[in-house]
Amino acid sequence: MDFLSLFLIDFVKQLQSPTLSFLIGGMVLGALGSELIIPEAITQIIVFMLLTKIGLTGGQAIRNSNLTEMVLPVLFAVALGILIVFIARYTLAKLPKVNTVDAIATGGLFGAVSGSTMAAALTVLEGQNMPYEPWAGALYPFMDIPALVTAIVIANIYLNKKKGSAAAHSTVQESFSKQPVAAGDYPDQQDYPRSRQEYLSKQQKPADNRVKIWPIVEESLRGPALSAMLFGLAIGIIAQPESVYKSFYDPAFRGLLSILMLVMGLEAWSRIGELRKVAQWYVVYSVVAPLVHGFIAFGLGMIAHYATGFSLGGVVVLAVIASSSSDISGPPTLRAGIPSANPSAYIGASTAIGTPIAIGVGIPLFLGLAQAIGGS
């Protein structure tokens, strides 16, 4: 009973934190029809500064830490990014009226990471004075990139198989539709090779439809979110940015995050209408999947906790980024890699429901669970 009561008290307390209050407030303003608009340019600057700060924090920590401590959490992050896509492929894609390619793309977006959700989690952890590894934010790309690559590869394999079976089916139909001809009567002389070179050319394999991995990785790395964070990470490792970090990035972090949460709340409400265009199962998936992914990550994090001393705060970070869904770099990558997927399905499911669930429910849920386990 003490465990449950402690968990519920912490859960309710987190719902009252400034970070979550601004998110909920933004959704309320959207529901009330507010015409409040924050320019996109300002939002992009805020995202850049937040992710640069997270990268700087992680880079400085990596420079001063034992890299062997990161191995198990990094492996778990990679495995989670891949696993989440397969979960969507064999659950969401099997539900009625759900397009398989749309389901795979949705799984890719939910397997990728939301930088804003991670920033919110780190802020809440600091507010609760719960220690975590400063390099925990560096787990971002190790989950984000494998998820997007896996989704694009699986979707293209599925589409190629579908295209191949359709072509085989049409070939069979054509062969049965041809009229029988008498011996020596060849109505389609052009079907027969007139030389050895022509014969050999007809024997060549069809065009290579294999999915190339590196362009997908390159596209992800060039995305604004990962670029900003990796830039900060590199500066933190190579240079000594402590002075600018302490005087500018660190003090501005919480204020900028509150504005971003307000923007995300407004956008989440505006995106709800997009889910009406697709199967209602996306709503169910968007509510359930972030929590399922988070609990799987929390379990893996606890394994790392007992095996290597990975902190409970780090476990929370791993769980939160697994429950998050990419809202910046993921959508353009998937649009380029899976152009046949419906953006209303995967972006609507992510932004309208998945992100608010990850921030408003996932962060207090996993933090409360970690605090209850730690007995604090």
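## Basis

The model is predicted, so local features need pLDDT of at least 70 and side-chain atom pairs count only at pLDDT 80 or more, while totals for chains, interfaces and linings use all residues. Residues are numbered from 1 along each chain as its sequence is written, and side-chain values use heavy atoms, with hydrogens and water left out.

## Overall make-up

The chain has 15 helices and zero strands. Both are DSSP runs numbered from the N terminus: helices are H or I with at least four residues, strands E with at least two. Of the 376 residues, 49% count as buried. Buried means under 20% relative accessible area, exposed over 50%, and partly exposed in between (1.4 Å probe, protein chains only).

## Helices α4 and α12

Two packed helices are described by the angle between their axes and the distance between the axes. Here α4 spans residues 71-90 and α12 spans residues 281-308; their axes come within 10 Å and cross at roughly 155 degrees. That makes α4 roughly antiparallel to α12. Axes are lines fitted to C-alpha atoms over the stretch in contact, and angles run from 0 to 180 degrees between N-to-C directions. Under 35 degrees is roughly parallel, over 145 roughly antiparallel, 65 to 115 roughly perpendicular, and the rest oblique.

The crossing is right-handed: the near helix is turned clockwise from the far one by less than a right angle. From α4, the contact includes L72, F76 and L80; from α12, it includes Y285, H293 and I296. By class, it has 14 nonpolar, two polar and no charged residues. Ala, Val, Leu, Ile, Met, Phe, Trp, Tyr, Cys and Pro count as nonpolar; Asp, Glu, Lys and Arg as charged; the others, Gly among them, as polar.

## Helix α6

Helix α6 covers residues 115-127. It is mostly covered, with eleven of its 13 residues buried. Among the buried residues are G115, M118, L122 and L125.

## Two positive phi values

Most residues other than glycine have a negative phi. K97 has a positive phi, near 65 degrees. It sits in the loop between α4 and α5 (100-111) and is exposed, at 81% relative accessible area.

N129 lies in the loop between α6 and α7 (140-177) and is exposed, at 70%.

Key:
Contact means heavy atoms within 4.5 Å. The expected span of a helix is 1.5 Å times one less than its number of residues.
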